[in-house]
Amino acid sequence: MAELGRAALLVTLGLVMYALVAGAAGAHLGRRRLALSAQNALVAAFFSTLVASAVLLGALLRHDFSFTYVARTTSEDLPTAYTISAFWGGQEGSLLLWLLVLTGFGAAAVRLNRGWARDLIVWVVPVFAAVAVFFAFLLVAVASPFVMQAAPADGAGMTPSLQNPYMLAHPPLLYLGYVGLTVPFAFCLGALLAGRPDERWLVATRRWTLFAWTALGIGQLLGAHWAYVEVGWGGYYAWDPVENAALMPWLAATAFLHSVMVQEKRGILRVWNVLLVILAFSLSLFGTFLTRSGVVNSIHSFTQSSIGPWFLAFIALTVAISLAVVFWRLPLLRSQTRLESPVSREAAFLYNNLLLLALCLTILWGVVYPLISEAVRGEAVVLGRAYYDFFLRIFGLPLLLLMGIGPLIAWRRASFASLVTTFRWPVLAALATGAALLVLGAGSSVPGLVAYTFSAFVAATIVMEFARGTRARKALGASSWPNAFFSLLGRNRRRYGGYVVHASIVLLAVGIAGSSAFDKAADAKLRPGESMAVGDYNLRYEALDERQTSNATEIRAQLAVSRGDRDLGTLEAGKNAYTVEQQLSNEVGIRSDPLTGEDLFVITEQIDPDGTVYFRVFVKPLVNLIWIAGLVFVMGSLIALWPDAREQRRLVERTREIGLPATR
Amino acid sequence: MALVLAAILAVACVVAVALPFIREPEPESDSLHELDEDERRRLELLEARDRSLAALKELEFDHRTGTISDEDYRALVGPLRREAATALRALDGEGRPTGERT
């Protein structure tokens, strides 16, 4: 069936090339049928890519090792779930997933918006197609998943650390995020090419951007939890280039989601928004490049991967063409109004944008610095954790504070007296929290204390906004308090969904500050029967167990845990020895306290043949708030994402008022 | 078998792409509807109208909740009302129906 896969990819390449050329010609010449034909080509490209994907998935599930990709990424004994995840585990498969999601999103976005933005859609299609041409070309000519070989008896298997349930969801979510950012990019560039940079491209892409941003956010949190439980170094985020690859477009998209509100409310920041969308998309390409080119595994050359130079060329071309189009359309992007006061909601959003962008570019510099230093000095210099942590504090803490300030200031301008009235309770709450924490001993870490204090401020503003809004809705005739609350959410999902997302960021900040600024660590080499202490905990090494599973031997150290006189049960930590892959993986032991959110985290650094184990143990206060923040983040995003029928009606009505015909 | 399936796929895709030409071999008009200057101006006015009305609605609610003080409300409501009125007058002045909102 590899022939079918190859043919399907060739068909996809032909279709997207046609969509690019015919779409651009149709839009430029004003030819309706040609433009519609290009739209159909984009939709058909999704289905042909789906056929190629089905062929690869079928080969994986059949363990057909005559497919080089299948033999390289799986083995006969690999559990079915991980066999499926091998689809995106290797370079060729993940590129195929990119193309599948891209053509799927393109087809859906075009279909969903053609009723009221048809004049934009005709230019959006060739932009989508241009991106798809690049990925289809890579899959056809450079990195095909359908290369065949004489089938070996068994495959090479999957890297043990990837054999984890998180790997079933983490990479696809990141890809949904990366590819999702193509939608705002295509609509933005399409609107510029069409010469219609009005609000419609923002409205058409608002939910797509939010969806991509949510997927990237959740994907990163799942990745962090995977690193926490699987990689076994005691943390959840190491500022690794691949982790940063997902964080950078997320930060740029966060900035865009805020500044787009300023354009919608005040009609300003139009050039800024366009640039942010281009940046977010370029960073999503850069993220895919970092993850897939192999350049981060060894920064010495691009020879490790054949797709690296292609990606760099495409990113450079994307940025150059996009900026040229922006420059060409600058006269159309001029704002008719201006920032009236530095103390206003739009100004707060602008400060938030500047800080987000500064953090994003700082991280980008940290990622590319080893490449630049190697090119210039012949020696790769890697910027370590201290660099990133420093800038996270410098930019992140003011960002946290602004999250509480922005939503409570009036648009246009706010008076000093009004600021005092508005912020007195949140400031008092923050100061009281800071003072209480100082008394309780949290002063050992100044950034941690500041983060807690700012978090209290933001939490107070969110609670205040919900309380005031619910009270107002009750006064406006809601039959009960719960009705008033849900009516508040339903009438302005974007705003109050945004507050819920802010609450999740507060939980995240508190979790990060607690687990990184106030954690405790200890290590010891123990024989069975010996004990060690860390924080309030006492751990006694009882015995070493060994058991066999379908594809690995599990070695586990049993630890009896107690705190003071209280027995807290047994904790297991150890290693897995994978038979086919001939590799070891760390399997950490974690005991979570549901009341305090604290984790006791045990790593077996080394297990000697005589049963002696070298343990490394951490106590991580409040770390579980980070994972709870993920759930709150999803909830807030869903509230904001929920379709608003009134808004759709308003847009269709507006289209009718101009006299644009409905599309069939 | 694989090659037959591939051929079917290719033919189906070609038909899908050619569909607009098959459905309308000789259309009355094959031109895309382009916004003229009047329509573009009208779109801008409609956006300005909707922006002002949405801002007014938000301001009223924020004032009711207490997020916006009386002083700020008084300073902001006037210009917003004027902007909305300007957009509505300009839309009326163009002599076309402007929908239920107006």
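Leaving aside its neighbours within four places in sequence, which residues is A:Ala132 in contact with? I put this to the model, which is a predicted one. I found that A:Ala132 touches A:Val16, A:Ala45, A:Leu99, A:Leu102, A:Thr103 and A:Gly106.

Entry on the cores. I then looked up the largest nonpolar core, and it has 210 residues. A:Ala132 is among those with the most contacts inside this core, together with A:Ala19, A:Leu42, A:Phe135 and A:Ala252. I noted that helix α6 (residues 118-142) of chain A gives the most to this core, 18 residues. Domain 1 (1-163) and domain 2 (415-518 + 625-637) of chain A each provide at least three residues of this core. Apart from this core I found another, of 18 residues, including A:Val534 and A:Val613.

Entry on a helix pair. I examined helix α15 (residues 416-439) and helix α16 (residues 446-475) of chain A, whose axes come within 8 Å and cross at roughly 145°. I recorded the crossing of α15(A) and α16(A) as right-handed. Among the residues that meet are A:Trp425, A:Ala429 and A:Leu437 in α15(A), and A:Tyr452, A:Phe457 and A:Met464 in α16(A). This contact of α15(A) with α16(A) divides into 14 nonpolar residues, 4 polar and no charged.

Entry on the two chains. How many residues of chain B are in contact with chain A? I found 42 residues of chain B in contact with 49 residues of chain A. On the side of chain B that touches chain A, α1 (2-23), α2 (37-65) and α3 (70-93) of chain B each supply at least two residues. The largest share, 13 residues, comes from α1(B). I noted that this side of chain B holds 22 nonpolar, 8 polar and 12 charged residues.

Note on methods: Residues numbered from 1 in each chain as written. Chains lettered and ligands numbered in written order. Predicted model: local features only at pLDDT ≥ 70, side-chain atom pairs only at ≥ 80, totals over all residues. Contact = placed C-beta atoms within 7 Å. Helix = DSSP H or I, 4+ residues; strand = E, 2+ residues; numbered from the N terminus. Nonpolar A, V, L, I, M, F, W, Y, C, P; charged D, E, K, R; others polar. Core = buried A, V, L, I, M, F, W, Y, C linked by C-beta atoms within 7 Å. Buried ≥ 20, exposed ≤ 12 C-beta atoms within 10 Å, placed from the backbone. Domains from an automatic or database assignment. Axes fitted to C-alpha atoms, helices over the stretch in contact; angles between N-to-C directions. Left-handed = near helix turned anticlockwise from the far one by under 90°.
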